[in-house]
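This report examines selected features of one protein model. Please consult the sequence and the structure shown below while reading.

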Amino acid sequence: MSIFNDGTMRLVVGHSLFSVAVVTYIVRARLVGMPANLEEASADLFAPPLRTFFRVTLPLAMPAVLAGLLLSFTFSLDNTIVSAFVQVSGSTPWPVYVLSSLRKRTAPRDRRRVHHHAAGDPAGPVRRRDRAEAGRRLRRRHRPHDGRRLTRSPKESPMPYADLVFSGGPVFTANTVRSRASAVAVTAGQIVAVGHDLGELVGPRTEVVDLRGRMLVPGFQDAHVHPVWGGLDMLRCDLSPYESAPDYLDAIGRYAASHPDEGWVLGGGWAMSAFPGGTPTASALDTVVPDRPAFLPNRDGHGAWVNSVALRRAGIDRDTPDPADGRIERDADGVPTGMLHEGAMTLVNTPAGRAAVAPGGGAGPGQRYLHSYGITAWQDAIVGSYGDAGDPGPAYLSAAADGLLTARVVGAIWWDRAAGLEQIPSIVARREQYRGGRFAATSVKVMQDGVAENFTASMLEPYGDGHGHPTDNSGISFVDPAILNEAVPQLDALGFQVHFHAIGDRAVRQCLDAVEQAIGRNGRTDNRHHIAHLQVVHPDDIPRFRRLGVAANMQSLWATLEPQMVELTLPFLGEPRAGWQYPFGDLLRAGTVLAAGSDWSVSSPNPLAAIHTAVNRTAAPGYEEGEYDPFLPEQAIDLATSLTAYTAGSAWVNHLDADTGTVEAGKYADLVVLDRDPFAGPADQLGATRVLQTFVEGERVYAVD
């Protein structure tokens with residue numbers, strides 16, 4: 001019987017070739033590190049040029065080849081003997097055993113997949129492919145690490161130096177257990193290590209940010225904001241720095257005098273509390289702008305102050321009826337006085353010409369301003385035409401195309417409350433149109449009511465008259481509940497998130513009812529619907545948020561006593577409704593997902609001022625408008641919860657939680673350096689905390705002067 005029969009020869013050749021592969025694999029592992037998977041290993045074996053194979057690989061492999069031949073010869077006296085050996089011993093031929101053992105010994109302990117761009121992520125398909133490839137390269141080079149210190153087996157190849165390392169201060173991770181760390185390493189825009197001693201990742205070209213005891217937090221995310229319009233207000237007649245009627249009139253007069261060629265005086269940002277009843281007059285505005293129309297929305301954007309020229313041009317007089325979704329302020333004789341509420345603004349702002357100042361002009365200033373407060377991502381709460389500012393969608397697309405959009409932006413497409421279900425196809429088309437770079441419009445904004453100060457917030461019971469007597473006005477539900485209960489299920493089925501505006505308790509209930517209809521028809525989806533503002537919530541509806549999976553989008557800066565609350569809200573709500581306002585503590589205890597936003601330019605976009613109010617239920621330092629006691633202190637939430645709402649919570653609402661919102665290995669390095677550790681100081685100084693630096697994907701987009 002020949003020992004060189006066909007079966008034996010196959011075994012000899014097979015073992016020999018496998019020996020070459022094993023030794024090549026070992027040499028590769030020692031020189032450049034282990035490949036991440038079998039596909040990569042195969043590529044590494046066969047990619048080198050023949051010159052490299054003959055000069056390097058083959059000489060190194062020859063001893064193993066000879067050993068393989070000898071061993072194969074020994075074990076190959078007969079195919080029957082070899083088969084019997086395997087069957088009796090249960091052993092695997094030695095090259096397979098060696099390779100398997102090697103893989104087990106050198107496999108990383110924590111090779112986690114970096115998830116890129118879940119539903120709603122505004123990166124777009126091209127960036128997803130690019131980032132996925134970047135992620136694969138990172139995973140070949142780095143092993144994500146979480147824990148108190150970076151550890152590595154002596155046999156593992158060293159981790160390359162990081163591009164950026166933060167060290168020397170507390171790190172608020174905002175992860176599930178809110179673990180603490182004191183160092184973070186960043187490479188190629190992603191976090192690669194979180195721990196306490198990452199000095200071995202610091203190389204000659206590594207930038208090191210010494211925190212010096214200051215806190216590093218995830219980038220803040222604003223779940224309800226209007227940055228393009230806010231930036232536009234900064235370019236127009238900006239009244240937000242002022243507080244009194246004389247100051248407003250002086251600022252308007254100076255602006256008009258310095259812009260003689262502008263056909264309209266546009267701007268806004270005034271506070272209702274500066275005027276009796278919250279309603280300024282056209283006659284007062286005429287004293288500083290007598291020659292051309294003026295249109296100046298208030299801070300909350302739910303009303304506009306206009307002069308007599310604007311009223312005349314729009315044809316508004318005593319015979320003009322109130323629109324269904326608004327009200328014209330009038331004197332005792334029915335003559336318009338110069339204040340237009342809600343939908344009545346459209347009677348003037350259409351001739352105001354929304355193109356009078358291109359909306360794209362506000363994108364840059366708005367983004368820079370938000371970055372200065374540590375905000376790295378947001379949801380623009382109206383992408384569409386509303387008020388006098390125009391549709392911000394084109395501004396985002398332009399900024400993205402020019403490479404200027406550094407923030408991640410989710411757009412909420414405006415639901416036209418004057419139209420019905422027939423607008424849904426156009427909303428779908430706009431979702432496809434409004435996608436580029438870090439911007440994607442994947443949400444739909446439904447404004448269900450107005451605001452309490454002008455009595456347009458939708459209430460279950462009528463408003464009072466300020467003296468304890470009920471009126472016949474319970475506010476306005478802008479979208480008929482019958483339409484809402486059909487629209488929301490249809491939008492939900494199409495994969496849209498619905499972003500509701502609800503101030504009054506009736507509006508909140510109607511929004512929850514619509515989501516319940518969607519669940520009944522479509523089942524539970526991952527669209528993550530949320531309700532913003534939540535000023536008055538009936539206690540019976542608190543547990544429904546968790547049950548229906550609806551997030552509470554808090555504008556916690558408003559949850560405090562100030563003149564507008566004391567003079568224009570509390571007397572007209574009455575008890576018990578006055579005690580149902582901004583019930584963040586009850587929502588938290590009921591298990592509701594909390595997100596947070598500012599509604600800027602309605603109010604300051606400063607997350608730390610809002611966090612101060614959420615924790616203390618008082619105004620932050622520098623935001624006080626008088627001395628008041630804490631407002632409903634039983635509804636306060638703790639600092640860690642509020643920070644998490646403004647980071648991980650809003651990231652969840654924005655469908656950005658796979659890549660952002662927490663400080664974890666594998667996520668984007670969207671990070672913020674504060675000027676202190678807010679946990680180490682008194683709670684009444686939280687609002688004094690300032691942002692020193694803001695990073696997006698490891699790139700510094702803001703640094704304090």
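## Terms and basis

Two residues are in contact, or touch, when heavy atoms of each lie within 4.5 Å. The model is predicted, so local features need pLDDT of at least 70 and side-chain atom pairs count only at pLDDT 80 or more, while totals for chains, interfaces and linings use all residues. Residues are numbered from 1 along each chain as its sequence is written, and side-chain values use heavy atoms, with hydrogens and water left out.

R292 is located in the loop between α9 (282–286) and β10 (294–297); helices (H or I, at least four residues) and strands (E, at least two) are DSSP runs numbered from the N terminus. With a relative accessible area of 9%, R292 is buried, a term meaning under 20% relative accessible area (1.4 Å probe, protein chains only).

Leaving aside residues up to four places away in sequence, R292 touches A256, H259, P260, E262, G263, V265, N307 and V309. A polar atom of the R292 side chain lies 2.6 Å from the backbone oxygen of A256.

## Helix α7

Helix α7 (residues 227–235) is mostly covered, with seven of its nine residues buried. These are P227, V228, W229, G230, G231, L232 and D233. The buried residues of α7 pack against the helices α12 (363–371) and α13 (393–401), and against the strands β7 (220–225), β8 (237–238), β9 (265–268) and β14 (375–383).

Conventions. Buried < 20%, exposed > 50% of the residue type's maximum accessible area, 1.4 Å probe, protein only. Polar contact = N/O pair within 3.5 Å; in protein donor to acceptor, adjacent residues only side chain to side chain.
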